[in-house]
Structures are given as C-alpha cells and as structure tokens.
Amino acid sequence: MRRITLLRPPPPLHRATALYSLTPLLPYNNGGSSPKPPKKGPALTITSNTRWVFTDNNYLPPPEWIEPFNDLSDIASETPQDLKPSPWVHQIMSLLLDGSVDMESRLDHFCNKFLIKLSPNFVSFVLKSMELQKRPDLALKFLTWAGKQKKYTHNLQCYVSLIEVLAINGDLDNVKSVFCKFRGMGFLMNVSAANSLIKSFGSLGMVEELLWVWRGMKENGVEPSLFTYNFLLNGLVNSVFIESAERVLEVMENGKIGPDVVTYNTMIKGYCQAGKTQKAFAKFRDMELRNVAPDKITYMTLMQSCYAEGDFDSCLSLYHEMDENGIEIPPHAYSLVIGVLCKEGKCVEGYAVFEKMIQRGCKVNVAIYTALIDSNAKCGNMGEAMLLFERMKKEGIEPDVVTYGVIVNCLCKSGRLDEAMEYLEFCRVNGVAVNAMLYSSLIDGLGKAGRVQEAEKLFEEMVKKGCPPDSYCYNALIDALAKCGKIDEALAIFKRMEDEGCDQTVYTYTIMISGLFREHRNEEALKMWDMMIDKGITPTAAAFRALSIGLCLSGKVARACKILDELAPMGIFPETAFEDMLNVLCKAGRIKEACKLADGIVDRGREIPGKVRTVLINALRKAGNADLALKLMHSKIGIGYDRMGSVKRRVKFRILFES
C-alpha cells in the first residue's frame with residue numbers, strides 16, 4: 001500500500017486555517033441549491049506530524065473555494081471590520097504582479113498544487129486592489145482566467161470591479177466589451193454596484209449605459225442614495241447633458257434626498273464648463289437659501305470661470321468672501337487673485353495678497369513670482385521686479401524659461417539690452433531651454449534700438465536651434481527691417497513666414513503697409529491691403545490708420561474715404577479714422593485737402609459738424625498753424641449757415657482757405 005503525503009498550504013497562514021477539513025469539501029455553487037452529501041470514501045488517517053495518509057492512491061480531497069477573508073467567528077472575537085485579508089490574497093497577488101508571460105499557467109499550477117479555487121468574492125476583492133488599479137490589462141487577463149475555473153460563474157461584483165479598473169484608466173473599448181457581456185446576464189442591481197457603474201460610465205461619457213443602470217435600479221425597486229444621485233449628476237455633467245442634469249437636481253430638490261454641497265458643486269461645474277456662468281451663480285445663491293454651505297471647491301470653480309471670462313471683479317469678490325467666511329484658501333486661488341491684480345496693474349495689492357499667502361503657510365510657486373515680476377516691470381517698477389527675482393532665487397525657487405522671458409522682455413523695453421543679452425547667455429550656459437518669447441523680446445528690442453544686424457543674427461540662431469519662430473517673432477524682425485528702410489528684406493521675411501506656415505496676422509500686414517508707404521511704394525501697399533482683405537483678416541483701426549495716412553500723404557484722400565466706406569458693410573467702423581486723417585493732413589500743411597475732407601465727413605453724415613470743427617481746430621493747433629485755428633474758432637465755418645434766397649446752406653470748411 002502506497003503512502004501519499006499532502007503538502008501544507010504556503011506560509012504565512014493563520015493557525016486556524018492551516019489544516020484542511022477532514023471531510024471532503026464541496027464545489028462552490030455560487031448561490032445555487034444545496035449540494036448533495038458526499039459519498040463515503042476510503043478511511044483517512046492522520047500522522048503525528050499532521051500529514052494525511054490515504055489508503056487509496058487515486059483519492060485527493062476536492063479543491064476548496066477560498067474567500068478573501070478568513071472566517072474566524074468560531075475561534076476569535078474579531079468583528080467583520082477587523083478581519084484581515086486571507087494569506088491566499090498575498091500569494092495570488094504575487095503571482096499576478098511578477099510580470100511573467102505565463103501568468104495563467106502559474107496560477108493553474110499553484111491552485112492545483114494547494115487544491116484551491118478562487119471564489120467570485122475573492123476575484124472581485126483582488127480586482128479592487130490598489131496594485132491592479134494601475135494595470136487594466138492584468139485585471140482583464142485575471143478575470144478571464146478566473147472564469148475558466150470548473151463550476152465557477154462570475155457574479156455581478158466581479159464585472160463591476162473590472163469596469164471600475166478599466167474606467168479609471170480610460171479604457172473605453174474594453175469597458176464597452178465587458179458591459180456587453182454581463183448586460184444580458186440578468187443580475188439583480190444593488191445600490192453599491194449601481195453607484196460604482198454610474199460613476200465609471202459617467203467618467204467616460206457613456207450616457208446610454210449610465211441610464212441603463214439607472215433604469216435597472218428603478219425596475220428592481222432599488223432606492224438610490226445621495227451618492228447615486230451625485231454620481232448620476234456628475235456623469236451627465238461630464239457628458240454635457242446639462243438639461244438632463246437640471247432635471248435630476250430638480251427631483252432631488254423636491255424629493256426625500258436633498259442635494260448636498262457635492263451636488264451643487266457638480267451642477268456649478270457643469271454650468272461653468274458650458275459657459276453659463278450666470279446660472280452657476282444662481283445655483284450658488286440657491287445653496288444659501290437651502291442652508292448648504294459652499295466649500296473651497298465651490299468658490300474655486302466660480303473663480304476660475306470668472307477669471308477665464310475676464311470678469312476680474314467677480315473673481316476678487318469671491319476671494320474676499322472666502323476670506324471673510326474663514327474658508328481655507330487653496331494656493332491656486334491665491335495664484336488667480338495675484339494674477340488678476342497683476343493684469344490690472346495693481347502691483348501693490350498683488351504683493352499684499354502674496355505676503356498674506358506666505359503668512360498663512362501656503363507655498364509660493366514660480367508662476368506667482370513670475371506674475372508679480374511681470375506686473376511690476378510693466379508698471380515701470382524695474383527695481384522692484386529685479387528684487388523679487390533675486391528673492392525667488394534665494395528662497396530656492398528656480399526660475400523657469402517663462403520667468404527669464406519676462407525678465408528679458410522687461411529689460412528690453414527699458415532699453416537695457418546688454419543686460420538682456422547676458423540673461424540669454426546665462427540660459428545657454430546653464431541649459432535653460434530658450435523659447436520663442438525670449439528670442440522675440442530680444443529681436444524686438446534690438447530692432448527698435450536700430451541694431452538690426454544683431455536682430456537678424458539672433459533670428460537665424462533661433463531657427464538653427466530648432467525653436468520655430470512664432471508670428472510675434474516674425475513681426476518683430478519685419479518691423480525692424482521696415483523701419484530702417486530695408487523693405488525688400490522685410491518682404492522676403494514676409495514671404496518666408498507664409499512659406500513656413502506661420503500665420504500672418506493683421507499686425508504683420510499693418511507693418512508692411514506702413515513700411516511700403518514710407519518708401520513711396522503706394523501701389524504695393526494697396527495690394528498688401530487687398531491681400532489682407534481677401535484672406536479674411538479683419539482690419540483693425542491701426543491697420544486702416546496706416547493705410548489712410550499713407551494715402552493722404554500721397555494725395556489720395558478720396559481713395560482713403562472710399563476704402564473707409566467699403567469697410568462699413570463689413571461691420572468695421574474705425575472710430576478715429578477721420579480724426580487721424582485730418583491730423584496728418586494738417587501736419588503736412590495740406591489745409592485745403594483737410595477742409596475738403598472735413599466737408600466730406602459732414603456731407604456723408606458720419607459726424608456732426610460741431611465735432612468735425614473741433615477736431616479740425618485741434619489738428620491745426622497741433623500742426624502749429626495757430627492763426628488758422630483761431631480764425632476757424634471765431635467764425636461760423638462748419639456750424640453757421642448762409643441764406644441764399646429761401647435756401648439755407650451750411651458754411652463749408654473750404655471757406656477757411658478761400659477767404
């Protein structure tokens with residue numbers, strides 16, 4: 001007779017579960033009917049060292065279904081919440097996570113060796129582990145392997161746990177595939193599973209699947225909890241189903257389960273993302289009426305929306321309200337407020353918020369320092385800007401390329417080009433990536449200082465170093481070339497800009513039109529204007545000013561007026577167009593043409609005679625022609641009338657130079 005020795009389970013196991021039951025175990029029936037009693041088998045004897053000895057070499061105990069927690073209720077006083085995971089969990093996780101390509105066969109070998117099978121609860125528990133949350137591929141393989149066990153069927157929680165893992169990792173295709181498998185299996189929905197599924201589907205924008213779960217709850221008489229409503233609302237908001245989300249919120253507001261701060265935060269987020277900030281503020285006020293206290297997330301959502309829309313006053317008001325109500329202000333809120341104040345040129349107020357932020361223990365980042373430096377520099381406080389720059393470095397906050405770009409831009413605008421070039425060299429030596437903004441600032445500064453050759457050299461260096469020039473950089477170089485009379489080189493860069501796919505802006509065309517008129521290449525300037533219009537680029541007041549001044553100085557006032565008339569149907573009405581034209585004509589001593597233009601303005605009904613008269617008086621005075629300005633001031637020209645018989649006619653401006 002042959003002796004068979006069974007191995008002990010792998011350590012470390014609890015003493016209470018180290019032995020197999022003496023009675024052969026039954027297969028896991030997954031909630032089915034009660035199993036039949038086992039048939040009597042050969043006698044089993046136990047040796048003194050706890051080894052089992054069988055008299056029949058063909059007999060082994062059936063595999064045992066293992067659960068994620070040990071049942072110690074008969075030998076321990078631990079409550080369910082005190083239970084620790086079974087040692088089998090660690091063993092199975094080790095096999096899953098070792099990265100082996102033959103993971104399935106290793107699991108098979110392990111389970112056969114120790115006569116175990118994994119229950120659906122065990123499979124679900126493993127799928128929920130933090131380790132598998134980051135490994136959707138592994139989770140999918142594990143569920144597939146577990147489903148191949150004999151007499152095993154996945155339960156609802158297995159599918160729910162897998163979908164949760166896949167959804168966290170954004171695996172939309174596999175979520176749809178898994179959902180299709182269990183959708184028709186007739187599982188009874190429960191609150192826990194519904195919450196998880198609604199949350200997962202909502203995060204991926206799967207509205208149809210989300211609503212299927214919701215209908216399943218209703219059909220099975222499962223009452224939704226507050227979490228269910230909030231997950232449903234979040235899913236609808238994420239999928240931009242704002243009207244459906246509004247109906248859910250209305251049900252909550254009129255039902256047994258009222259909305260909480262999470263509910264309102266979700267709805268406010270949805271309104272802000274849809275650009276309906278006014279509705280978001282309406283819900284914010286509803287919170288107060290329902291005694292639901294807003295939290296920092298409520299305020300931050302509204303502040304970010306106001307900041308993005310340029311509503312800086314509301315952004316600041318929300319910040320002050322947070323401060324007054326004693327709500328913790330997160331670092332990003334301070335960043336927004338400091339950014340708002342800096343954009344409005346309120347350097348002192350921005351610095352005050354900055355100091356308050358530090359006093360409250362919030363960590364200041366490089367973006368906040370950069371905003372303060374930029375604001376001070378733009379307000380002309382270069383000394384303060386450089387002090388902040390040095391303070392940032394002393395505090396161990398490393399300036400980034402944006403910070404250096406701001407410093408270089410400020411130095412260039414204040415004419416400190418050599419210092420700006422030193423910072424460029426510092427970035428080169430210390431491996432700081434130089435971006436287009438920094439190069440553009442230097443090229444613009446050098447160009448305005450007449451150092452055009454250096455600007456061109458820097459532009460070519462920029463291209464060689466793999467930093468593609470943007471439209472601002474091209475415009476800076478074109479402007480420098482045009483202003484120093486190198487109009488052909490400017491045209492070459494203009495053409496190169498187009499060839500390399502960089503968008504030519506209205507500012508690019510304005511520079512070229514002004515430069516061409518300056519070189520008396522009037523027809524080319526007009527062609528440039530037509531090219532801009534043909535490309536669908538909307539002219540600005542500055543663009544028309546460049547064109548009208550060029551035409552007026554070349555004696556083509558009527559052409560300028562005609563082009564201005566052509567802009568009206570396009571919805572473009574340059575407010576100071578006539579004023580600019582009158583000023584340039586008076587400055588050039590072309591009083592007769594200025595008076596003709598003034599009469600034309602009134603005759604077209606564009607401006608009232610009194611306003612045109614005032615503009616012309618100021619233009620004459622600025623041009624140094626005080627005598628004519630006084631003459632016009634003390635006459636009835638423009639506003640007075642001569643009676644010729646029964647006809648009353650306005651005194652024309654041209655009388656000024658005819659008399």
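1. A crossing of two helices is called left-handed if the near helix is turned anticlockwise from the far one by less than a right angle, and right-handed if clockwise. By that convention the crossing of α21 and α22 is left-handed. The contact is made by Leu 417, Ala 420, Met 421, Leu 424 and Cys 427 on the α21 side, and by Leu 438, Tyr 439, Leu 442, Gly 445 and Leu 446 on the α22 side, where contact means heavy atoms within 4.5 Å. The residues of this contact divide into nine nonpolar, one polar and no charged, with Ala, Val, Leu, Ile, Met, Phe, Trp, Tyr, Cys and Pro counted as nonpolar, Asp, Glu, Lys and Arg as charged, and the others, Gly among them, as polar.

2. On provenance, this is a predicted model, in which local features need pLDDT of at least 70 and side-chain atom pairs count only at pLDDT 80 or more, while totals for chains, interfaces and linings use all residues. Residues are numbered from 1 along each chain as its sequence is written, and side-chain values use heavy atoms, with hydrogens and water left out.

3. For the chain as a whole, the model has 34 helices and six strands; helices (H or I, at least four residues) and strands (E, at least two) are DSSP runs, numbered from the N terminus. Of the 659 residues in the protein chain, 44% are buried, a term that stands for under 20% relative accessible area, against exposed for over 50% and partly exposed in between, with a 1.4 Å probe and protein chains only. Among contacts in the chain with a separation of 6 or more, 60% come from residues 24 or more positions apart.

4. The largest nonpolar core has 202 residues, and those with the most contacts inside it are Leu 96, Phe 142 and Leu 616; such a core is a set of buried Ala, Val, Leu, Ile, Met, Phe, Trp, Tyr and Cys residues joined through side-chain atoms within 4.5 Å. Leaving aside residues up to four places away in sequence, Leu 616 touches Leu 582, Cys 586, Ala 594, Cys 595, Ala 598, Leu 632 and Phe 653.

5. To return to the pair in point 1, the axes of helix α21 (residues 417-429) and helix α22 (residues 436-448) come within 11 Å and cross at roughly 150°. Axes here are lines fitted to C-alpha atoms, for helices over the stretch in contact, and angles run from 0 to 180 degrees between N-to-C directions. The two helices are therefore roughly antiparallel to each other, given that angles under 35 degrees count as roughly parallel, over 145 as roughly antiparallel, 65 to 115 as roughly perpendicular and the rest as oblique.

6. Helix α11 (residues 242-254) packs with helix α12 (residues 261-273) at an angle of about 155°, the axes being 11 Å apart, which makes α11 roughly antiparallel to α12. The crossing of α11 past α12 is left-handed. From α11, Ile 242, Ala 245, Glu 246, Leu 249, Met 252 and Glu 253 meet Thr 263, Tyr 264, Met 267, Gly 270 and Tyr 271 of α12, and by class this contact has seven nonpolar, two polar and two charged residues.

7. Helix α17 (residues 347-359) and helix α18 (residues 366-378) have axes 10 Å apart and pack at an angle of about 160°, which makes α17 roughly antiparallel to α18. The crossing of this pair is left-handed. Cys 347, Gly 350, Tyr 351, Phe 354 and Met 357 in α17 meet Ile 368, Tyr 369, Leu 372, Ser 375 and Asn 376 in α18, a contact that divides into seven nonpolar, three polar and no charged residues.

8. Two buried helical residues may be checked individually. Ser 305, in helix α14 (residues 296-308), is buried with a relative accessible area of 8% and touches Cys 272 and Thr 277, not counting residues up to four places away in sequence. Phe 312 lies in helix α15 (residues 312-324) and is buried, with a relative accessible area of 16%. With the same exclusion of residues up to four places away, Phe 312 touches Tyr 307, Val 340, Lys 343 and Glu 344, and its C-alpha atom is separated by 8.5 Å from that of Val 337, 25 residues apart along the chain.

9. Val 240, in the loop between α10 (226-238) and α11, has a phi near 60°, a positive value in a residue other than glycine, and is exposed, with a relative accessible area of 60%. Asn 291, in the loop between α13 (277-289) and α14, has a positive phi of about 60° although it is not a glycine, and is exposed, with a relative accessible area of 72%.
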